[in-house]
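Please go through the structure below with this briefing at hand. The points are grouped by topic.

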Amino acid sequence: MSDNAEAKARIATVAAQLLSSGETVFVDTGSTTLYFAESLSEVSGLTIVTNSTEIADTIASSTSGNRTFLLGGEYSPGNRQTVGTMVAAQIGSFRAHHTVLTIGALDGRTGAMDYNIEEAQVARAMIEQSETLTVLVDSSKFNEVASFKVCSLARIGRIVCDATPPDALGKALRAAGVQVILA
């Protein structure tokens, strides 16, 4: 949570402004998405579906009137999240307007990646069940490589980031039609 905290908080605030009352949103586990959950107190009437116990608690404890659904599965105490086939199966029973993800790495060749296979699987299931994908990414993850692919750049609708992506990555994002929003 303390790595690039100021940038993550800015990203989260801007991303929360992209949502509207009445929408359903998948939110995965991550420090930036936890900041995002805190920012959602400014938006009411959302339905949030998450595998993060911290995000579920943050949303449920706010006075925004947002509904929270916590996906059940194998509990991973390190990240306070649920993972596994049960989570993926439950995701299939929802249809969302948006998926909002954090990732471990982003490059022009592979796209969005994660360091944890189970988190990548949950992210892919969320993407499959939603209309749009927004990736929250601080610039420390640009042009990095992680072990597990989440999705190609072409599947990302927009990224919210703290700095302009470097030339090659920026060019790849533009070619894929990804909207880049600077926080």
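Cysteine 161 stands opposite leucine 182, which lies in strand 12. Helices (H or I, at least four residues) and strands (E, at least two) are DSSP runs, numbered from the N terminus. The model is a predicted one: local features need pLDDT of at least 70, side-chain atom pairs count only at pLDDT 80 or more, and totals for chains, interfaces and linings use all residues. Residues are numbered from 1 along each chain as its sequence is written, and side-chain values use heavy atoms, with hydrogens and water left out.

- Strand 11 pairs with strand 12 (residues 179–182) in the parallel sense, over four bridges; two strands pair if DSSP finds at least two bridges between them.
- Strand 9 and strand 11 also run parallel, joined by four bridges.
- Valine 135 has isoleucine 159 in strand 11 as its bridge partner.
- In a regular strand, side chains alternate between the two faces of the sheet.
- Strand 11 (residues 158–161) is covered on both faces, with Arg158 and Val160 buried on one side and Ile159 and Cys161 buried on the other.
- Buried means under 20% relative accessible area, exposed over 50%, and partly exposed in between (1.4 Å probe, protein chains only).

**The sheet 7-8-10**

- Three strands form an open sheet in the order 7-8-10, with antiparallel pairing.
- Strand 7 (105–107) and strand 10 (148–151) are at the edges and have a single partner strand each, so one side of each is left without a neighbour in the sheet.
- On average, neighbouring strands of this sheet are turned by 35° against each other, direction ignored.
- Strand 8 (residues 111–114) and strand 10 run antiparallel and are joined by three bridges.
- Opposite aspartate 114 stands phenylalanine 148 in strand 10.
- Helix 5 (residues 117–128) lies across strand 8 and strand 10, and runs at about 15° to strand 10.
- Axes are lines fitted to C-alpha atoms, for helices over the stretch in contact, and angles run from 0 to 180 degrees between N-to-C directions.

**Helix 2**

- Seven of the nine residues of helix 2 (residues 31–39) are buried, so this helix is largely enclosed by the rest of the structure.
- The buried residues of helix 2 are Thr32, Thr33, Leu34, Tyr35, Phe36, Ala37 and Ser39.
- They pack against helix 1 (5–16), strand 1 (24–27), helix 3, strand 6 (96–102) and strand 9 (130–137).
- The axes of helix 2 and helix 3 cross at roughly 10° and come within 9 Å.
- That makes helix 2 roughly parallel to helix 3; angles under 35 degrees count as roughly parallel, over 145 as roughly antiparallel, 65 to 115 as roughly perpendicular and the rest as oblique.
- Thr33, Leu34, Ala37 and Glu38 in helix 2 meet Glu54, Ile55, Thr58 and Ile59 in helix 3, where contact means heavy atoms within 4.5 Å.
- By class, this contact of helix 2 with helix 3 has four nonpolar, two polar and two charged residues.
- Ala, Val, Leu, Ile, Met, Phe, Trp, Tyr, Cys and Pro count as nonpolar, Asp, Glu, Lys and Arg as charged, and the others, Gly among them, as polar.

- Asparagine 66 sits in the loop between helix 3 (53–61) and strand 3 (67–70), and counts as buried at 9% relative accessibility.
- The side chain of asparagine 66 reaches two backbone atoms: the oxygen of leucine 40 at 3.4 Å and the nitrogen of leucine 46 at 2.7 Å.
- A polar contact is a pair of N or O atoms within 3.5 Å; within protein, one must be able to donate a hydrogen and the other to accept it, and residues adjacent in sequence count only if both atoms are side-chain atoms.
- Beyond its neighbours within four places in sequence, asparagine 66 is in contact with Leu40, Val43, Ser44, Gly45, Leu46 and Ile59.
- Serine 44 belongs to the loop between helix 2 and strand 2 (47–50), and is partly exposed at 40% relative accessibility.
- Not counting residues up to four places away in sequence, serine 44 touches Ser21, Ser64 and Asn66.

**Positive phi angles**

- Most residues other than glycine have a negative phi.
- Arginine 80 is not a glycine, yet has a positive phi of about 50°.
- Arginine 80 lies in the loop between strand 4 (74–76) and strand 5 (81–83), and is partly exposed at 41% relative accessibility.
- Asparagine 143, not a glycine either, has a positive phi of about 55°.
- Asparagine 143 lies in the loop between strand 9 and strand 10, and is partly exposed with a relative accessible area of 41%.
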